[in-house]
Structures are given as C-alpha cells and as structure tokens.
Amino acid sequence: MPSHPIDFDINPNIYSTPQLAKVFDEKTRYQRWLDFEAVLAKAQAEMGIIPQEAADEIGRKASLECLDLEAVHKGYLQSRNSLMPLINGLRNVCRKGYGEYVHYGVTTQDVIDTTEILELRETLAIIYGDLRALEMTCLGLTKEHRETPMVARTHGQQALPTTLGLKVVTWCGEIRRHIERTKELSQRLTIGQLGGAVGTMAALGPHATEVARRTLERLGLRHRMLAWHSSRDHIGELTCSFALMVTTFAKMANEVFQLQKTEIGELSEPALKGAMASSTMPHKKNPVICQRIVVLSRHVRHLAGTIVESMVHEHERDARCLWGEWLAVPQLCIHTGTALKYMLDVMSGLEVHAARMKKNLHLHKAMITSEWLLFKLSHIMGKMKSLEKLHELSNKAMEAGISFKQSVVDDPEIGALLTSDDMEYLDRPERYIGHALEIVDQTVQEIEEKRASDPKELI
Amino acid sequence: MTSCDLNSHIVDSRFYRGAYTTEEARRVFCDKYRYQRWIEIEAAMASAQADLGIIPKWAAEALNEKAHIRYLDLEAIKEGIKTTSHSLLPLLRAWQGVCDDAAGEFIHFGATTQDIQDTAQVLEVRDILAIVERDLTAVIRQMIDLAQRYSGLVTIGRTHTQHALSMTLGLKLAVWLDELWRNYERLRQCKERVLVTQLFGGVGTMDAFGDKGFELLSQFSQRLRLEAPLTAWHASRDRGAEFLATMAMIAGTCAKIGNEIRCLARSETGELEEPFQMGKVGSSTMPHKRNPEMCEQVIVLARLIKANAGLGFEGMINEHERDYRAVRLEWVTITDTSLFVCGLLSLMKSILKGLIVHEDRIRENVDNAATLISTEALMFFLGETIGKQTAHKVVYDTSMEAIETSQPLVDLLMKHQEIQGRFRREDVERTIDPKNHVGMSQELTHKAIAYVKERLLDTGPCAEGERYCPLSKGNGACSV
C-alpha cells in the first residue's frame, strides 16, 4: 500500500532511485540496528562485561530472518519506543536467557544515530560517484562545444556573444566545488554514537571508552568521547550541502528549460522516443525531466530548513528535534540522489541545436556587439559620451525598426568616423567572445587536475 | 540627534530606497511617529478610564494636554532605554516629567507594555492596509482596462515553455485580474480580523482594571476606531501571521505578473515590454540593453515578503501567556513587509500604466506558430472521421516529423495514408487557423471583467491621494 510517491509501484522512481530507496528501506534499517547490537555485544564480551556465550548467541540471532517480525510488529502497536520492540524480538529468540545482555548500557539514540550515519555514508558514496560522472559528462560537453557560438543573456535580454563551452564550464565549476564539499564533510560525518542516556557513558562500565571504540570500529566508524545526541551540526552540514548541490542542478535544469522555449530552441533535454508529451496537444515536446529537477530542489531546500531548525536541541536530548530529522533526512537524501540521476540523464543526452544558436545570435547581431563598438568609439570621443550616443542610436533603431548598424552608419556625428572594417564585428558577432576560450581551457585544466587526485570511491 | 545621520538599511538609503518602498510607507513607520502613537494610545486609555471613574477626570485632561512628543526630551528617552532596557518606560517617564506631579501618577494605569505596543502596531497596519487597498484597487482597474483593450488579440498560449494552443491576450490578463480580485477579497476579510485593540493587562485577565475591564476595552477601542477582541492576543499571533501571509499572496500574484512580462519581453519573444523612456539605461557597458528591471524588482520584493510570511508562522508559536520572542520578530517582519509591499504595488502601477504591447510581434509569432499550435483542433477535426485516438497518433507522428525536418505540417499530413484522399486541403487549413481556435477566450475575459467591475462598485470608496505624516509642518518638514 505505497502512499508516498517515493514508494509508488505502478509509476516508480519519479521521486526516488532504486539504489537510494534500498539504503533507506525499512528492513535494511532494522537489520542495521540488529548489527549494531551484535557488534556491541561482541565488544562487551571481549572486555569481560558480558559472557562470551551471550555475545555469540546474540551474534547468531541478530538477523531479521531469526526474529518473529509479526510479534515485533505487534510490539510497535503497543509501544511508543522506536527500538524496544525490536530489541525484545531479539531477546526472545536468544537461548538460555542470553537475551538479557542485549542492548547492555546503551541508549536508543546510540543505536539509531550510529546507524543513521551508516545510511548517510552509503548515500554519500552514491552521490559522490554520480557527481563525478556528471562532472565528466559536463567536461565532455564543454570540450565539444568549446567554440560553439551563442548569445549570452542578462535580464532575459540578449546581451553579448559567448560560447556554449563557457556556459557549461561554469556548471563544471559548481559541480567541482560540490565534490570537494562532499569529500570534506564525509570526514566530519563518519563518527558513531555511543554515549549512553545523557552522554556520560554511566551504564557502560569501567571500560566504556574501549567498548565504544571497538563497537564503532567494527562498523567502520570512528568514536569520539563527546556524544552528539544533541549536537547535530554535521547532519545539518550534510543537508545544507545537499541543498546547495541540488540548487546547482535546479539552476542548470532551469537554463535548459529556458533555452528549450519554442522561441529560443537552442537546447533540448533528451526525449524518449515515441513518448507523448501532452494528452491533448499532439505536437508538444516538453522539458519534463528539467522541471522535475527544479521541483525536487525546492523540496530539498525546504527539508534542509527543517533539519537546520532541528539543530536547536534543548538539554541533553530533545525528541522534537530528533524526530523532525528522522522524517526529513531520508526524503532529502532520496530526492537529492534522484535529482542528480536526472541531471546525469539530461546532460548525457543533451541536444544542442547549434544552428539555432547561430540564428539567435544573428537576430540582433549588431546590437549585441554594441559593447565592442563602444570601446572602438571610446578612443575617438571618450567612453561615457560614446555610451550615451550608442544608447540613443540603439533605442532609435528599435523604435524605427531598422538595424543598429544602419542607424550608426546614418548618424551624422559618428557615421563618418567609422570605416567598414570597424564595422566588421557587427556582422560577425561570433568573433566578439573575448577570452572565452582561454577561460574554458584553463578551467577545464584546473578541474581535471583536481579530478586526478580524487579518491575513486568515498570510504 | 546624532552627528552623522546613518542610513544603513536599504529602505532608508538616500539613493536606493525608491526601489524598495515609498515615502508614504516610510512615514507610517517613522520612529518618532511610533512614539507619538504610543502616547496617544496612553492618552486615549486615560480618557476612557476617566469616563469610567477609574482615574480622576482632571488627571486625564492634564495627561491629554501633554500627549505629544514635541514636549518630550527624545535624547533623554534614548539614554533611558540604554539604562533600563525597557522599550516603553523611558517614554512614559519623560511624559510624566512634563505633566504635573499628581496627574503623572495615573499614567499607564493597569495596562501592560504590550497592550500599548500591539495596539500601536495595529494602527500602523491599518494605515498600511489603507494604502495597499488603494493601490491594489488601482492595479485592478488598470488590469480591467488592459483586458478590455486586448480581449480580441490572438496570441500563443504556452505550457512547459513550449507553444501550446492559441488564446487571446485578454484571457491571459483576465486570469491575472481574477487572481488580483481574490487578493482584494482576502485583504478586506483580513482587515476585519486584524484591526483590533489590545488592553488586557499583564496576563490577559484585566485584573488591574477592577470590574470595569470590559467597558474600558470597549470605550478604548471606540476612541481608536478599532474593534475590541474577545480575549487577549498577547500570545495569539495569528493576526500578524495572517497579515503577513495576505501581503505575501498579493506580492506573489504581482510577482507572477512581473515574471510573465519579463518572460514575454525576451529578445526572442518580444511581445510585452515594461515602460521605457529615453534616459533609462539598461547596462553600464552594453549600450543596446533595455531591461525589464521594474518587473525584476517586483520579484525581488515578493521574495523578501514571502520570507517574512514564513517568519509569521514561526511567530505563532508562543509560550505561556506572553512571549517576546514572537512580538519582537513582528516588529521587523510586519514593518519590512509593509514597506516592501507598498514599494511593490507602486512599481506594479507604473508597469501597468505604461505596459507596451507589441501587437505586431504577437501577430508575427502567432503566424509563425500557426500550424503546430492548432494540433488539438486538427486532431478533433480528423478524429470525427478516423477516431480521436488514431488522429492523436497521426498528428503526433506528422508533427514530430515537421519539427525534425522543418517541412510544413499540412504537406506531410496530406501525404499520410490515413488522410490522403479522405480530407480536402482547404478544410485542413481552415481547421488550423489560430483565429478559429481561441475557444471561449473572449467570453471568459468579458465575464471576468464584468464580475470584478460589479463587485468593485459594491466595495465603496477607498482612501485616495497620498497620506501625510501628522507630525509634519505645512512644508513637509518634521515638527519634532
């Protein structure tokens, strides 16, 4: 009975990916909790806190297949604790009363926080891989369209000529910074939790620290003496970083969406062959995936806000904050990974309509090279005066419906000052791209150097 | 008051404030006027208390005589706030200082600070709502005129940024009009709930007013021309949140309109343009630029206003009987939203007043798009003979081919095996003429215009002209 679009069966994977759905799957989660209890018992047995036989028995039974899940389910209907019914399920299947040693001296939040980190570590690994794949795709596009001329726009209006390569390499720059952020935050994130009820480790006995260290080490995590039950900044950091990342995707997707407008037609997201975009307008080809990315990014930003709010814990533990995080974090991670997958789809199959780009560039070709003319003229009559003059001429041309070049040539004051050589750029706007190619080349080189020193996989 | 007149908030900037707010709105929130309101509210309470025998008549008269900040030492009040950290007491002490000793003892008799400050904030909001109502009405009237003027102009309807079907420009404007009208209704309804006094004492029990609490509240409210609330709302801040949310909706509608104009002003589309006059400069380095900057500023202001609406909801979560964490939040959110919304509506009026509709460009765009945007009609026409689902497939296949190969759709269609020989070319061509497929565009437009016009008549007149500061002298300079 899937009622959340993340879990829909008939039209699946619109807001999720199978890979990420698996990370946050309910049964996977409970199994992680059991794994925690098993390694805890093992560490406690090594330190002589509980009998070795008990740890062995707990280790053997700490698997969802061994438990009576129906009974666990009934337990949850009667209990408001998020962990106890599962613990009881484990306790009940342990022989010879060894079940008494399950969850010995730790608090519920130790188990749940630690396993949350395991989920986030897996998420980060997926995101990191996909992010690098996206970077590679965008670097490829940059190189392919290093020189493809197009018009740059500001305020929605045609501004000056540029190249598609420069536009795409700007995206690469953002993606690279997200990769760096991901690497850095994973260092701060992979710390487990084992502090006992209020972070004093009171019930963990004399070897508390060693028990904690060994338990977490078995899960591949580090231990810090200081509990973070009510210090959630690293969770906040991850979610803010994801929000930043998805917002970059939204910006890229919006750019494709805008440039796919019928009147512009310079880029299109890849279409599924035979897919019908509209149920009533047979001609439509819609940028659907790009719009989904924008939508996902809105959700992620709001969820990040909720999680940041959840950092304001009161006293040593605060369920009002913690539970807000439980609901928001899985969604946020799944939406982020989904948006990233979509972005990868769009960029891998991006259709570039270079001829249309050129056509649009030539639409007001003289106008959009007015800056070039401005500097040419500045040498003769000063920059501010030239700006005023050209501004006046361009508006005149627009009102009169003649070309800007014509209005310049016809002007009694400056028409005679310029030779036809001086006007050459006005007819060939693609030549006025400044240092675009150098900027592209140098940026690509810098990114590729950083790329070479990336680890293949994130821990 | 200080040697250097600092203006660090953008709404106070000597140079840029015009883009963020209006002088009229700034006057409502002037800090001197705020104190004047507080004193007037205290004086109104004293008068009502004298009428009910709670304090002596002579005391109320003496207090009213000095109820003006021109008598007070503002510098001393400022120092007093530093020492006491209290937002109201230094003002009251200064007032007491200029009244005779006996009368001064009856100042602020049984009220709590928040009673006075909340009531004053409501008076500020009342002034703002009057401005907003005036300007929103003006925007609605402008929209009626525009929708009327362009009710028959055929244009392209777009979905997913792609040309979809034809419609009239009037219908697009009528949809805006309809939305603006709903906001107008929201505004009127929100006024009824928001414009109330506050006078309940420390925890809302009216204890210090003896058995005269209800009567006092009623007379006090009458004097201020506000409604009396049922219970104290010191810690019940839905009124502030509703004001902020309502303003956010008004701003949201205007931002949507501004954004649509900005989209349709793109160089490649060129159908609408915000007003332009010679001398307006788009870029400091690209002489040709004509930018939709007013529309963009409307969107900027709407974003700021929207963020405050979120804070309004936060401010609803109060603890116990009073919670300053909410009230002090409103001091910023309500002020900023008010200032911004007035700036936004003023911009909106300018945009609509001089909106440039490039009719020739609209016609050209429609002509170029004619074939494809009439595919729905074509499908239904062909469907009558070959079935609608089959027609969808035929038109889809030929449309995609037309897009890929840049061949005319009608040519491809007439060659299609399902079509060839079964239809006449001129019938197909007539079917795809966009003029024939604007549906009920015009009727819908006229219906919306008539609906709003009729109700505008019923709403009665609203304030006209600019509001001035009561503290100003004839020449507009401050008298304090």
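Which residues does M143(B) touch, not counting residues up to four places away in sequence? I looked this up and found L173(B), W176(B), L177(B), L180(B) and L352(B). Here two residues are in contact if their C-beta atoms, placed from the backbone, lie within 7 Å.

**Entry 1: ground rules**

I noted that this is a predicted model, in which local features need pLDDT of at least 70 and side-chain atom pairs count only at pLDDT 80 or more, while totals for chains, interfaces and linings use all residues. Residues are numbered from 1 along each chain as its sequence is written, and chains are lettered from A and ligands numbered from 1 in the order in which they are written.

I went back to M143(B). A residue is buried if 20 or more other C-beta atoms lie within 10 Å of its own, exposed if 12 or fewer, and partly exposed in between.

**Entry 2: domains**

Chain A has domain 1 (5–101), domain 2 (108–204 + 227–360 + 437–452) and domain 3 (366–427). Chain B has domain 1 (22–96), domain 2 (113–204 + 236–363) and domain 3 (375–432). In chain A, the C-alpha centres of domain 1 and domain 3 lie 75 Å apart. For domain 1 and domain 3 of chain B, the separation of the C-alpha centres is 78 Å.

**Entry 3: helix α19 of chain B**

Helices (H or I, at least four residues) and strands (E, at least two) are DSSP runs, numbered from the N terminus. I took α19 of chain B, residues 441–458, which has 18 residues. From first C-alpha to last it reaches 27 Å, close to the expected 26 Å. The expected span is 1.5 Å times one less than the number of residues.

Which residues of α19(B) are buried? I listed S441(B), T445(B), A448(B), I449(B) and V452(B). Down the axis of α19(B) they fall within an arc of 100°, so they line one face of the helix. The arc is that of the directions from the helix axis to the C-beta atoms. On the other side of α19(B), I found E443(B), A450(B), E454(B), L457(B) and D458(B) exposed. The cover over the buried residues includes α8 (113–149), β2 (162–168) and α9 (169–194) of chain B.

**Entry 4: helix α17 of chain A**

I then read α17 of chain A, residues 436–452, with 17 residues and a reach of 24 Å, close to the 24 Å expected. Its buried residues are A436(A), V440(A) and I447(A). These cover an arc of only 45° around the axis, which puts them on the same side of α17(A). They pack against α6 (108–144), β2 (157–163) and α7 of chain A. E438(A), Q442(A), Q445(A), E449(A) and A452(A) are exposed on the other side.

**Entry 5: two positive phi angles**

Most residues other than glycine have a negative phi. I noted M201(A), which is not a glycine and has a positive phi of about 60°. It sits in the loop between α7 (164–189) and α8 (208–218) of chain A. Is M201(A) buried or exposed? It counts as buried, because it has 20 C-beta neighbours inside 10 Å.

R225(B), also not a glycine, has a positive phi of about 55°. Its loop runs between α10 (213–224) and α11 (238–264) of chain B. R225(B) is exposed, with 10 other C-beta atoms within 10 Å.

**Entry 6: where the chains touch**

Note on methods
Domains from an automatic or database assignment.
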